[in-house]
Amino acid sequence: FRVQTLPLWEEGKSSDTQKWSSLEHKGPYFPPEYEPLPDNICFNYDGQPVKLSPVTEEIATFYAKMLDHEYTSKEVFQNNFFCDWREEMTKEERKLIKTLSKCDFSQIHKYFVEKSEERKNMTKEEKQVLKEEASRLMEEYGYCLLDGHREKIGNFKLEPPGLFRGRGEHPKMGKLKKRIQPEDVTINCSQDSKIPAPPAGHRWKRVQHDNTVTWLASWLENIHGRPKYIMLNPSSKLKGEKDWQKYETARRLKMKVDSIRKQYRRDWTSREMKIRQRGVAIYFIDKLALRAGNEKDDESADTVGCCSLRVEHITLHRRLDAQEHVVEFDFLGKDSIRYYNKVPVEKQVFKNLKLFIKHKDPEDDLFDRITTVKLNKTLNESMPGLTAKVFRTFNASTTLQDQLNKLTTGKILSYNRANRAVAILCNHQRAAPKTFERSMQLLQEKIQKKKEQIEEAKKELKEAKKAHKDAPSDKSKKLLEKKEKAVQRLGEQLKKLQLQETDREENKVIALGTSKLNYLDPRISVAWCKKHQVPIEKIYNKTQRDKFAWAIDMTDENFQF
């Protein structure tokens with residue numbers, strides 16, 4: 001494999017249709033087949049041991065491994081799991097196993113807990129063997145040859161079977177994610193390349209040579225029936241180029257945004273209801289960074305975006321908390337994350353919303369005359385390439401740039417606060433990490449210990465000062481300076497720990513990573529680092545630095561979004 005030598009932005013750009021001329025790879029890596037449980041590990045039903053068939057036993061292990069997780073206590077999870085599990089059972093097993101409450105997975109659970117402990121307690125040599133095996137797989141499956149460049153592949157390992165979790169209260173949690181077989185997989189490579197060999201005894205679903213797409217393999221996952229792909233690594237030339245173009249489109253919006261805002265304001269007083277609704281929807285997408293929202297099948301989670309809001313998702317307040325014309329939003333957004341916000345809006349928007357909900361039931365659509373497709377078509381007419389998502393990227397990046405411009409220091413705490421403003425705008429939430437309380441406790445203990453050390457050091461400094469005053473000498477002077485430095489050093493260490501504590505507390509339910517990786521032009525962060533001499537490693541880890549290599553290489557400290 002010849003290694004890429006030119007930075008991607010100095011090479012010819014791939015066209016909008018043709019993405020590559022030649023593509024060769026080994027295909028995906030399939031997870032190992034199921035290894036049955038040892039004979040002494042039993043599944044019990046109604047107090048009696050039952051020997052399960054391999055397929056049924058494997059699915060039982062998925063549930064058993066999760067016994068100490070809150071998911072398995074949820075009724076939806078239990079029902080979905082049991083329903084899908086019974087479908088995979090033999091006739092005899094189905095006749096016997098009829099109630100989940102009579103199933104006892106405790107022995108299997110204990111077995112996997114012990115296995116996990118064994119892995120944790122491996123010797124250095126045993127860990128090294130695993131490391132070498134992972135490197136071998138990476139070397140064999142983790143790279144492809146794209147137009148003569150050796151490019152890294154993102155997710156070359158196919159996901160093993162298991163139980164679907166979903167985020168929030170997903171209606172499909174607990175359903176069985178089936179094992180992907182080569183017969184499910186479509187391979188994409190160039191015609192003249194060596195076609196990857198499927199695992200022994202199997203064949204691919206299809207082999208195609210489509211150079212207008214950048215994926216290497218594709219299959220349908222069984223939970224939602226949607227296609228999944230093996231793609232290039234985010235650090236690859238094509239991905240970097242796509243990223244760059246995405247942020248350049250968002251920057252172009254800066255030149256157009258005033259005229260778009262004037263237009264949607266004019267739309268609020270249109271005679272046509274459809275145009276009024278579109279104007280208010282674009283205002284929400286712009287002002288609140290709402291996702292556009294797509295039509296979905298009935299079985300997916302009841303999540304909505306701007307265009308799919310229903311009457312029940314908003315409450316209008318003529319006056320609330322000393323503010324006028326307030327809209328209270330309450331709905332489940334992407335990944336079943338609750339969006340709750342009280343926002344004062346312009347008077348004309350408020351009037352329109354009253355009009356839109358008139359004579360409607362709570363479950364009726366708020367914007368019943370528009371769709372996401374039509375809305376994006378209108379945006380694209382205002383500016384080629386403009387969609388609701390571009391607005392989100394534009395507003396997120398603009399918010400970060402504005403927040404950082406207000407800062408005069410290069411402190412990471414300040415950067416994280418600027419990043420947090422974006423995460424709040426985009427409603428990027430997470431549950432507080434399970435280990436949060438414990439890690440905070442440890443940090444507070446460290447802080448307490450540091451304070452005690454400072455008290456001790458101050459005492460010693462006082463004594464050194466007194467000794468030097470009583471009998472000045474070179475030795476007493478050196479000792480005094482040493483004690484002063486110690487107090488100063490400990491003070492700085494304490495400050496650092498206290499900043500860490502503030503940072504952790506403020507970020508415990510905010511997901512900073514999502515906006516940092518998907519919505520914020522990395523050049524803003526790179527320029528800020530260069531301006532304040534902050535090491536880029538403080539902002540981006542190794543994987544992120546690879547993903548944003550184009551930005552790190554091309555940006556100077558004067559870049560403004």
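# Close-up views of a predicted model

View 1. UniProt, in an unreviewed entry, annotates residues 113-140 as "coiled-coil region". The model shown here and in every other view is predicted. Over residues 113-140 the chain is 89% helix and 0% strand.

**View 2. The domains of the chain.** The protein chain is divided into domain 1, domain 2, domain 3 and domain 4. Domain 1 is built from two segments, residues 20-27 and 128-230. Domain 2 covers residues 43-125. Domain 3 covers 239-388, and domain 4 covers 397-554. Between the C-alpha centres of domain 1 and domain 3 the distance is 36 Å.

View 3. The structure holds 29 salt bridges, and one of them joins arginine 136 to glutamate 133. Their closest N and O atoms are 3.0 Å apart. Both residues lie in helix α5, which spans residues 124-141. They are 3 residues apart, about one turn of the helix. Is arginine 136 buried or partly exposed? Arginine 136 is partly exposed, because its relative accessible area is 41%, between the limits of 20% and 50%. Glutamate 133 has 35% relative accessibility, so glutamate 133 also counts as partly exposed. The pair belongs to a network of salt bridges that links Lys26, Glu133, Arg136 and Glu140. Side chains of opposite charge can pair when their charged atoms come close.

View 4. Lysine 547 forms a salt bridge with aspartate 243. The closest N and O atoms of this pair are 3.5 Å apart. Lysine 547 lies in helix α16 (residues 542-547), while aspartate 243 lies in helix α6 (residues 237-267), so the pair ties together parts that are 304 residues apart in sequence. Are the two partners buried or exposed? Both lysine 547 and aspartate 243 are buried.

**View 5. A salt bridge between aspartate 368 and arginine 369.** The side chains of aspartate 368 and arginine 369 meet in a salt bridge, at 3.8 Å from N to O. Aspartate 368 has 41% relative accessibility, so aspartate 368 counts as partly exposed. Arginine 369 is partly exposed too, because its relative accessible area is 45%.

**View 6. The second largest pocket.** This pocket has a volume of about 1,100 Å³. Its lining is made of 34 residues. Which of them lie nearest the centre? They are Thr61, Phe62, Lys65, Phe112 and Arg119. Helix α1 (54-65), helix α4 (106-120) and strand β7 (162-163) each supply at least two lining residues. The largest share, 10 residues, comes from α4. By class, the lining of this pocket divides into 14 nonpolar, 5 polar and 15 charged residues. Domain 1 and domain 2 each give at least three residues to the lining.

**View 7. The largest cavity.** How many cavities of 30 Å³ or more does the structure hold? The structure holds 1. The largest cavity has a volume of about 30 Å³. Its lining consists of His25, Gly27, Pro28, Ile153, Phe156, Leu216, Ala217 and Ile230. By class, 6 of these residues are nonpolar and 2 are polar, with no charged residues.

**View 8. Asparagine 233 and its loop.** Asparagine 233 is found in the loop between β12 (227-230) and α6. Asparagine 233 has 12% relative accessibility, so asparagine 233 counts as buried; the cut-off for buried is under 20%. Phenylalanine 156, one of the residues lining the largest cavity, is 77 residues away from asparagine 233 along the chain. The C-alpha atoms of these two residues are separated by 9.4 Å.

**View 9. The annotated active site.** Which residue does UniProt list for "active site"? The unreviewed entry lists Tyr519. Tyrosine 519 is found in the loop between α14 (512-518) and α15 (522-532). Tyrosine 519 counts as buried, because its relative accessible area is 6%.

Terms used
Residues numbered from 1 in each chain as written. Predicted model: local features only at pLDDT ≥ 70, side-chain atom pairs only at ≥ 80, totals over all residues. Heavy atoms only, no water. Salt bridge = Lys/Arg side-chain N within 4 Å of Asp/Glu carboxyl O. Helix = DSSP H or I, 4+ residues; strand = E, 2+ residues; numbered from the N terminus. Buried < 20%, exposed > 50% of the residue type's maximum accessible area, 1.4 Å probe, protein only. 1 Å grid on protein atoms, 1.4 Å probe; cavity = no way out; pocket = protein on both sides within 12 Å on 5 of 7 lines; lining within 4 Å. Points joined across faces, edges and corners; volume = space filled by probe spheres on them. Nonpolar A, V, L, I, M, F, W, Y, C, P; charged D, E, K, R; others polar. Domains from an automatic or database assignment. UniProt positions renumbered as here; feature names shortened; annotations may be inferred.
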